[in-house]
Amino acid sequence: MSDFSAPTFRIGFLHPRYLHTWLGVGLMYLASWLPYRVQFYLGRGLGHLMHTLMKRRVKIADRNLALCFPEMTPANRAAMVKENFANAGLALFETGMAWFWPKWRINKHVTIEGLDTLLELEQQGKGVLLIAVHSLNLEIGARGLSEQTPGVGVYRPNTNPVYDWFQFRGRMKRNIGVDRKDVKSMIHYLKEGHRMWYAPDHDYGRRRSTFAPLFAVKQACTTTGTSLLTHAGHATVVPFSVVRERRLGQYRVKIDPPITDFPKEAHAAAVVTNQAVERLILRAPEQYMWLHRRFKTRPEGEPSLYEGI
């Protein structure tokens, strides 16, 4: 159905300009075979280093927390940001786990709650739009879920072709990949009864978007794609989250009950979507990707919320 062409190996990938990519992915592969506890502490240590060096990202994360949770004290925000960066460092190791671990090791560390929800919808022949948020451990959670129930992954190609090849191989071991711009194919797969992972929590710009509340931010630029895919694809919306249980080496994927009577009107759908996003984030706010400028797009005439950052 899709015109999307999966990345394939080319001899040009061996050009010296890609040496740094091969070395980086090679280190990810070797690190993935270390005991989990070793990777855990190395990842958090890397995150603390990132917190020291990436001052602008620290400011962005702090600003996001201040916007979303104005009642949070500066000291609590600082502690949350520091923990967030520790989790960001660990995410690099978790990506290697997701891409390179064998199935038995994934199943040892990832547990699924609510899988019956997806199996029941599958029996009914209904397509499912699985909405998630950009938690820092989404890679390993998504791999764990795919081992139990494969689906369709919305894929954003990387500009580095070698990294893109590795990334696609890592993420699509058991899944169908579809380009994020190929809406026609997304709708087709949903109509055919597939499960598709979709993350509507970022600011994707003005195109196909509306402004809806998200935490204390009254007008957050929110994609209308959730409504489009749900109704055009005759799909059921099911939120799911990935939470790492601290220091235990266990990742819990929780599949929520379906959202009933999902609105068809784009703005109303965005409001309901953001309410689900809030619930998912609050399960482990320190593990959410606060490092990006979530509120960069503002309504016409409104100033930037990141002035000076």
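This is a predicted model: local features need pLDDT of at least 70, side-chain atom pairs count only at pLDDT 80 or more; totals for chains, interfaces and linings use all residues.
How many residues does helix α3 have, and how far does α3 reach from its first C-alpha to its last? Helix α3, residues 55-68, has 14 residues and reaches 20 Å, close to the 20 Å expected at 1.5 Å a residue, where the expected span is 1.5 Å times one less than the number of residues. Residues are numbered from 1 along each chain as its sequence is written, and side-chain values use heavy atoms, with hydrogens and water left out. Helices (H or I, at least four residues) and strands (E, at least two) are DSSP runs, numbered from the N terminus.

Staying with α3, its buried residues are V58, I60, A61, N64, L65, L67 and C68, buried meaning under 20% relative accessible area and exposed over 50%, with partly exposed in between, for a 1.4 Å probe and protein chains only. Those buried residues pack against α2 (36-53), α4 (74-100) and β7 (217-223), contact being heavy atoms within 4.5 Å.

Let me turn to helix α1, residues 19-32, whose end C-alpha atoms are 20 Å apart, in agreement with the 20 Å that its 14 residues should span. In α1 the buried residues are T21, V25, M28, A31 and S32, and, seen down the helix axis, they fall within an arc of 125°, so they line one face of α1; the arc is that of the directions from the helix axis to the C-beta atoms. On the other side of α1, H20, L23, L27 and L30 are exposed, whereas the cover over its buried residues includes α2, α4, α5 (103-109) and α8 (161-171).

Finally, the cavities. A cavity is a set of points, on a 1 Å grid over the protein atoms alone, where a 1.4 Å probe fits but cannot get out, and lining residues have an atom within 4 Å of a point. β8 (235-245) and α11 (266-282) are the elements that give two or more residues to the lining of the largest cavity. The second largest cavity, with a volume of about 30 Å³, is lined by A132, V133, S135, L138, F240, S241 and V242, and β8 gives the most to that lining, with three residues.

Definitions and conventions:
On a 1 Å grid over the protein atoms alone, a cavity is a set of points where a 1.4 Å probe fits but cannot get out, and a pocket is an open set with protein on both sides within 12 Å along at least five of seven lines; lining residues have an atom within 4 Å of a point. Grid points are joined across faces, edges and corners, and a volume is the space filled by probe spheres set on the points.
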